[in-house]
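Subject: Structure handover

Hello,

Here is the structure you are taking over.

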Amino acid sequence: MSTARQQTTPPRHPAQQGLISRLIAAVASVLFWLFIALPFSIVSEWAGMWLWWPEEGVDHSRRMLEQEIQYVHRDFGQSMLVTEPAAYVRLFADVSYHYLFKATGFEAAVIWLNQPPDPLGSNLQQTLRGLYAGVADHVLAAMTITQVFAVRLAVLTLAMPVFVLFGLVAIVDGLVQRDLRRWGGGRESSFVYHHAKRLVFPSIVLTWVVYLGLPVSVHPNFVILPFALLSAVALAVTASTFKKYL
């Protein structure tokens, strides 16, 4: 007689694997939209230099950077994450500039190209410097907008506790409404539940995309608070319309 062999396999936890995969997908989605927002903000600044503020040129992006930093110094004196928000934002922007432009040699290349063509230099050197002279303002504007992007990214990281606070209040309120519906014999609506659930994550991602991609200087509260409220409403509706019996 042959005895059947039983292969012992470690138990699988589909819920845990699903949570990890959704977390990885969420992080990948955020990184993807960040990489989309930066080129979009640069192209928007270039379009503005051509169409809307040609007389300002590169000075528009410089004023944007000064205004964004001023918002932080004036209205973000305290934070739940760091002791000095203004210093954190400045450090975040400086570190981003260092690794993106200084460490890569991009800044040194721009300084070299910005010099007037040397009549005694090679033809390649004269050609490169001549070509750069025509796009110098656009390159400097792109570098400045990247700093604006870094400042706004730092502000968004400081604003995440707002989403957490709004979300906790919304979940508590939604669960209370769910219990009232449960004990009061209210009707369930899976349609509303699933659509509200789908709005939670996009409402947070849109905050990053819209704020980071804006071609003009806007106070962070005018962008962050409406989207935080939208995500809170979506969470409250999701919690309140969750099925009564598990």
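A nonpolar core here is a set of buried Ala, Val, Leu, Ile, Met, Phe, Trp, Tyr and Cys residues joined through side-chain atoms within 4.5 Å. Buried means under 20% relative accessible area, exposed means over 50%, and partly exposed is in between, with a 1.4 Å probe and protein chains only. In the largest such core, which has 32 residues, Val89, Val155 and Leu212 touch the most other members. At least two residues of this core come from each of α1 (14–51), α2 (59–75), α3 (85–102), α5, α6 (190–213) and α7 (221–240). The most come from α5, which gives 13 residues. Another core, of 7 residues, lies apart from this one and has Tyr97, Phe101, Val110 and Val139 among its members.

Before the rest, a note on the source: this is a predicted model, in which local features need pLDDT of at least 70, side-chain atom pairs count only at pLDDT 80 or more, and totals for chains, interfaces and linings use all residues. Residues are numbered from 1 along each chain as its sequence is written, and side-chain values use heavy atoms, with hydrogens and water left out.

Overall layout

The protein has 7 helices and 0 strands. Helices (H or I, at least four residues) and strands (E, at least two) are DSSP runs, numbered from the N terminus. Along the sequence the pattern reads α-α-α-α-α-α-α. Of the 246 residues in the protein, 35% are buried. A contact means heavy atoms within 4.5 Å. Among contacts with a separation of 6 or more, 76% are between residues 24 or more positions apart.

The 17 residues of α2 should span 24 Å at 1.5 Å a residue, and the end C-alpha atoms of α2 are 24 Å apart, which agrees. The expected span is 1.5 Å times one less than the number of residues. The buried residues of α2 are His60, Ser61, Met64, Leu65, Glu68, Ile69, Tyr71 and Val72.

How do α2 and α3 cross? Their axes come within 8 Å, at an angle of roughly 155 degrees. Therefore α2 is roughly antiparallel to α3. Axes are lines fitted to C-alpha atoms, for helices over the stretch in contact, and angles run from 0 to 180 degrees between N-to-C directions. Angles under 35 degrees count as roughly parallel, over 145 as roughly antiparallel, 65 to 115 as roughly perpendicular and the rest as oblique.

On the α2 side the contact is made by Ile69, Val72 and His73, and on the α3 side by Pro85, Ala86, Val89 and Arg90. By class, this contact of α2 with α3 has 5 nonpolar, 1 polar and 1 charged residues. Ala, Val, Leu, Ile, Met, Phe, Trp, Tyr, Cys and Pro count as nonpolar, Asp, Glu, Lys and Arg as charged, and the others, Gly among them, as polar. Leaving aside neighbours within four places in sequence, Val89 is in contact with Val72, Val151, Ala154, Val155 and Leu158.

Glu68 is also in helix α2. Glu68 counts as buried because its relative accessibility is 1%. Not counting residues up to four places away in sequence, Glu68 touches Val148, Val151, Arg152, Tyr211, Ser217 and Val218.

Thr146 lies in helix α5, which covers residues 123–184. With a relative accessible area of 10%, Thr146 is buried. Beyond residues up to four places away in sequence, Thr146 touches Leu38, Ile42, Leu100 and Phe101.

Leu175 is in helix α5 as well, but at 40% relative accessibility Leu175 is partly exposed. Leu175 and Ala239 are 64 residues apart in sequence and 5.5 Å apart in space, C-alpha to C-alpha.

Leaving aside neighbours within four places in sequence, Ala228 is in contact with Val162, Phe163 and Phe166. Ala228 and Phe163 are 65 residues apart in sequence, yet 5.3 Å apart from C-alpha to C-alpha.

Leu230 is in helix α7 too, and is partly exposed, with a relative accessible area of 42%. Leu230 and Ile204 are 26 residues apart in sequence and 8.7 Å apart in space, C-alpha to C-alpha.

Regards
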